[in-house]
Structure formats: structure tokens, C-alpha cells
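Subject: Structure handover

Hello,

Here is the structure you are taking over. My notes on what was found in it follow below.

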Amino acid sequence: MAQIMAEQEVENLSGLSTNPEKDIFVVRENGTTCLMAEFAAKFIVPYDVWASNYVDLITEQADIALTRGAEVKGRCGSSESELQVFWVDRAYALKMLFVKESHNTSKGPEATWRLSKVQFVYDSTEKTHFKDAVSAGKHTANSHHLSALVTPAGKSYECQAQQTISLASSDPQKTVTMILSAVHIQPFDIISDFVFSEEHKCPVDEREQLEETLPLILGLILGLVIVVTLVIYHIHHKMTANQVQIPRDRSEYKHMG
């Protein structure tokens, strides 16, 4: 175990990002990058406080963002990889578990990887985000039957759009919402050091890209139709203008020649 830990490196490269809300984490084993993750994350955490009568409880909401400079740990494997991130003196901890699986399809065996579990640990005694929380202390929020970021093996997952994941909290009857955005992750099969493999775009990004390009495509098609119509009209007009007009009434023949 000591030898394995000595060969493992983890790096927080968030300072290289032009997005101040995005973090960049790299896990390396045996001198080679085995997991890379870039994303912005925010957690919406409901918690109880006493009402002004000190009898009733009301629910407040803490918005907790993953901040730059976070501590990072991780591990890589052939079928399971894990990323752990800690911030604000470990008052908050995020664990993301990735799995790679093979499936039999009509085209034969196909391998994919996915985000299979998310765990978020938060301490409601932390005063920056929580104000006078009732039953303050550490709570753990876990995903349930999660299958997210599904990506073909050998590719990285990329999605600029926001994605939400619901987590069931150990604080009774509370659901924590995790919001991911500007995501680029690859937990397996990284070929070049510090370089993502080919991107697998999320459906939301593909749909938005289509919505942006569709008006341009339709405009080009409409313009082409107008040009073709004008050309055909011009050719037809030129041909009919050059034709000799034969009189229909015989009395007009005397005017010819």
C-alpha cells in the first residue's frame, strides 16, 4: 500500500482555468495521467432554523460552491475510479465514483463508463454558509441508483449546460441538489498525459448547438432557393424575348418583311 501511494500523484490545476468558478483536478499513477476532471459545482442544501417564536422550525437554504484551491485525492483502476475533493478546512467533501462496464448489443460488445455514485459530506456548524442551524453537525448526502455522464469507453465527457443530481441527506427529510456545469471529465483510458481524449458531447449541448445553427442553415437554404429562382426567371425571360412573334391574325402578314 505504501508503494502504491508513493507512486500516486494528485494535482489541483484550477489556476490554469479562465473560468473562476471551474476547478481542474488530475490524478496520476506511475507518472501517467489516469483521471482528469474539469467542472464547476454548487450544492443547494436545505437546513432548519428556529422561527422567531422559538417554537416552529423554518427551512433556510445554503448555496455552497466548490472553491478553488481545494484539496484533492483520487484513485484509478481498470473498471473503477474515484475522485475526492475537500474544501473549507474539510467542512465539505465531495466523492465521485466512476465505473466502466461492457454491454452486449446488436453490434456486439460495447464498453461505456458512467458516474455511478456521488457523496457529499457537509458540516452545518460551518458559519459561512449556515446560520444558526438546528441539529448542527456533519451530514452525508448520497445519490440513489445513479447513472450519469454515460460515455463510450476511450472518450471524455463534455457538457457546458447545467446538470442537476439529487442527493438524499442524513439530515431527515432533506434533499441536497448538486449542480454541475462546464464539465469535462475522463476517468479511464487517457492516452496522452494531461490531454483529454475525443469528446462525447452531452445531448443538451448537441440540441443547443443544433438550435443555434438551424436558423443559419435555413437562411442559407432560403437564400439558395431565391438565387436559383432568379436565375431560372432570367434565363426564361431572355429565351422568350429572343423568340420571333408569329402573328395569329392573317391580316398582320402584310406588315411583315
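Accessible areas come from the Shrake-Rupley method with a 1.4 Å probe, and for residues only the protein chains shown count as cover. A salt bridge is a side-chain nitrogen of Lys or Arg within 4 Å of a carboxyl oxygen of Asp or Glu.

On conventions: residues are numbered from 1 along each chain as its sequence is written, and side-chain values use heavy atoms, with hydrogens and water left out. As this is a predicted model, local features need pLDDT of at least 70 and side-chain atom pairs count only at pLDDT 80 or more, while totals for chains, interfaces and linings use all residues.

Tyr 54 sits in the loop between strand S3 (32-50) and strand S4 (57-65). Helices (H or I, at least four residues) and strands (E, at least two) are DSSP runs, numbered from the N terminus. With a relative accessible area of 66%, Tyr 54 is exposed; the classes are buried under 20%, exposed over 50% and partly exposed in between (1.4 Å probe, protein chains only). S3 and S4 form a hairpin with six residues between them, and Tyr 54 in the turn has a positive phi of about 55°. The pairing of S3 with S4 is antiparallel, over nine bridges; two strands pair if DSSP finds at least two bridges between them. Ile 44 is opposite Asp 63 in S4.

For the chain as a whole, there are two helices and 14 strands. Of its 257 residues, 40% count as buried. The chain exposes about 15900 Å², and carbon and sulfur atoms supply 55% of that area. Among contacts between residues at least 6 apart in sequence, 54% join residues at least 24 apart, contact meaning heavy atoms within 4.5 Å.

Two buried residues come next. Ser 156, in strand S11 (residues 156-159), has 0% relative accessibility and counts as buried. A polar atom of the Ser 156 side chain lies 3.0 Å from the backbone oxygen of Ser 197. Leaving out residues up to four places away in sequence, Ser 156 touches several others, including Trp 113, His 184, Phe 196 and His 200.

Pro 187 is in the loop between strand S13 (175-186) and strand S14 (199-201). Its relative accessible area is 1%, so Pro 187 is buried. Pro 187 and Phe 98 are 89 residues apart in sequence, yet 6.9 Å apart in space, C-alpha to C-alpha. Not counting residues up to four places away in sequence, Pro 187 touches Cys 34, Leu 35, Ser 81, Phe 98 and Trp 113.

The structure holds 11 salt bridges. Side chains of opposite charge can pair when their charged atoms come close. One of these bridges joins the side chains of Arg 90 and Glu 71 (2.6 Å, N to O). Arg 90 lies in the loop between strand S6 (80-87) and strand S7 (92-105) and Glu 71 in strand S5 (residues 71-75), so the pair ties together parts that are 19 residues apart in sequence. Arg 90 is partly exposed at 38% relative accessible area, and Glu 71 is partly exposed at 35%.

Glu 101 forms a salt bridge with Arg 114, the closest N and O atoms being 3.0 Å apart. This pair links distant parts of the chain, with Glu 101 in strand S7 and Arg 114 in strand S8 (residues 108-123), 13 residues apart. Glu 101 is partly exposed, at 26%, whereas Arg 114 is buried, at 19%. Glu 9, Arg 28 and Asp 193 are linked in a network of salt bridges.

S9 pairs with S8 in the antiparallel sense over five bridges, and Asn 142 is the bridge partner of Gln 119. Two bridges join S9 to strand S12 (residues 163-169), and the two strands run antiparallel. Ala 141 stands opposite Ser 169 in S12.

Regards

Note on methods. A polar contact is a pair of N or O atoms within 3.5 Å; within protein, one must be able to donate a hydrogen and the other to accept it, and residues adjacent in sequence count only if both atoms are side-chain atoms.
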